[in-house]
Amino acid sequence: MASKKGMAIAILVLRLFTILFAAGCIVVLILDKAPNGGDSNVTFRDVIGYKYVFATAAVAAAYCLLLLPLTMYRACTGKKLVRGPFLPALHFYGDKVVAFVLASGVGAGFLDTADLKVAYGDFLELFGEDFKDTPLEGFFNKGYVATALLAGAFLCMAILSIFSFPRRPPTDATNKGFFFR
């Protein structure tokens, strides 16, 4: 019984860390601004990859917030609140889907930031300026920070997807697998 409760507490902690990392990513993206020559600012809304990073962080936070009460109940009582095959299937498939969505967001954020830094750097070199002297350097560095926080959320979700694997053997002894029935 202690191992089941310990596993439930570990799952709860990982869900909380996923929420914290995703929320941190969202906060960094919202606060990331750089002046764009006049009165306008460059924000995450101006970079398509950052919009995707924002969306994946929001999806992960919403998914974990949806499952947080159920996970807290199981960690506190040691019992499942919802019985039946639906919830284990939701945990199994949902954790996998959200982990892959987060992985694609991490890839989009890192690659978009690296590509834009090189493109703006090459563009400014044409005019004899250095990219490191512009406010866009800080803007893109904060993009790296937001994407790194999203990578932390992905790591927690990847571990959760391993924990959500069903552990029960099949009840039918004649069931030998998908191809051998």
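Thr-71 lies in helix H2 (residues 48–77), where helices (H or I, at least four residues) and strands (E, at least two) are DSSP runs numbered from the N terminus. The model is predicted, so that local features need pLDDT of at least 70 and side-chain atom pairs count only at pLDDT 80 or more, while totals for chains, interfaces and linings use all residues. Residues are numbered from 1 along each chain as its sequence is written, and side-chain values use heavy atoms, with hydrogens and water left out.

Thr-71 counts as buried because its relative accessibility is 6% (buried: under 20% relative accessible area; exposed: over 50%; partly exposed in between; 1.4 Å probe, protein chains only). Beyond its neighbours within four places in sequence, Thr-71 is in contact with Ala-8, Ile-11, Leu-12, Arg-15 and His-91 (contact: heavy atoms within 4.5 Å).

Helix H2 also packs against helix H3 (residues 86–126), at an angle of about 155° and with the axes 9 Å apart. Axes are lines fitted to C-alpha atoms, for helices over the stretch in contact, and angles run from 0 to 180 degrees between N-to-C directions. H2 and H3 are therefore roughly antiparallel (angles over 145 degrees; under 35 is roughly parallel, 65 to 115 roughly perpendicular and the rest oblique).

The axes of H2 and helix H4 (residues 135–163) cross at roughly 30° and come within 11 Å. Among the residues making this contact are Tyr-50, Val-53 and Tyr-63 of H2 and Phe-139, Phe-140 and Met-157 of H4.
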